[in-house]
Amino acid sequence: MYGSDPDKRTQKVLSKARPFSSEDLKDEKAQVFHLGTLLDDDFDIEVIKDLSKRGKVSVDIQGYLREVKGEEVCQVDYPLKEAAMPYIDILKANEIEMKVLTGETSARKAAEKIAGWGCREVILTLGHRGSLILSDGKFYEIPSYRTSKIVDATGCGDTYMAGYLYARSRGYDISAAGKFASALCAIKLGRKGPSIASESDVREITGQH
């Protein structure tokens, strides 16, 4: 449920699926495994460790910071964060999640703390202020791109990560991949449902060639 600020929402959970296990994923092969968590028990730490032996692990931290009480979704810290981070290559958090996870209100300090726990690439999405990426001690400030209207904000984090991981797999550097992902989010915001766009659509927004 969204109010006047599309960067903020409340949620209700009416039912839960069974968590994934290492056994469920034992035959999966990939260069990158992205865990788009919704709730804290979707993928336990043993799944993360197992997948890290077979490829890079990318994690959207959102689900690990959610606890369901009745039908309400409450923000909580992830107690195994320091144990899990060395097995996570890429971690994405939004501005609210970074505060819950690290206690920091500064995006740069939050990113440095997460990297200090062992995560190799930290992505912090900051709503209309763009995003910040920290990799190998270097910060990359990624702009947000304007959209003519906001139609549907649901799934912007997923859209960002899909765009980022796709761009990286195509050989884009970190800065270019972040801009690609940000532009894809701008396209998604102006449309209902999932974003459907071509690379040329994105390049038209970013000016990249």
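Helix H6 (residues 174-189) has 16 residues and, at 1.5 Å a residue, should span 22 Å; its end C-alpha atoms are 23 Å apart, which agrees. The expected span is 1.5 Å times one less than the number of residues, and helices (H or I, at least four residues) and strands (E, at least two) are DSSP runs numbered from the N terminus. The model is predicted: local features need pLDDT of at least 70, side-chain atom pairs count only at pLDDT 80 or more, and totals for chains, interfaces and linings use all residues. Residues are numbered from 1 along each chain as its sequence is written, and side-chain values use heavy atoms, with hydrogens and water left out.

**Helix H6**
- Because 14 of its 16 residues are buried (under 20% relative accessible area; exposed is over 50%, partly exposed in between; 1.4 Å probe, protein chains only), H6 is largely enclosed by the rest of the structure.
- Asp 173 caps the N-terminal end of H6, with a side-chain oxygen 3.3 Å from the backbone nitrogen of Ser 175.

**Salt bridges**
- The structure holds 15 salt bridges (a side-chain nitrogen of Lys or Arg within 4 Å of a carboxyl oxygen of Asp or Glu).
- Arg 54 and Asp 50 form one of them at 2.7 Å, N to O; Arg 54 is partly exposed at 29%, and Asp 50 is partly exposed at 21%.
- Arg 120 and Asp 89 pair at 2.9 Å, N to O.
- Arg 120 lies in the loop between helix H4 (107-116) and strand S6 (121-125) and Asp 89 in the loop between helix H2 (81-84) and strand S5 (90-94), so this pair ties together parts 31 residues apart in sequence.
- Arg 120 is partly exposed at 41%, whereas Asp 89 is buried at 14%.
- Shared partners join the salt bridges of Glu 23, Lys 26 and Asp 27 into one network.

How values were computed:
A polar contact is a pair of N or O atoms within 3.5 Å; within protein, one must be able to donate a hydrogen and the other to accept it, and residues adjacent in sequence count only if both atoms are side-chain atoms.
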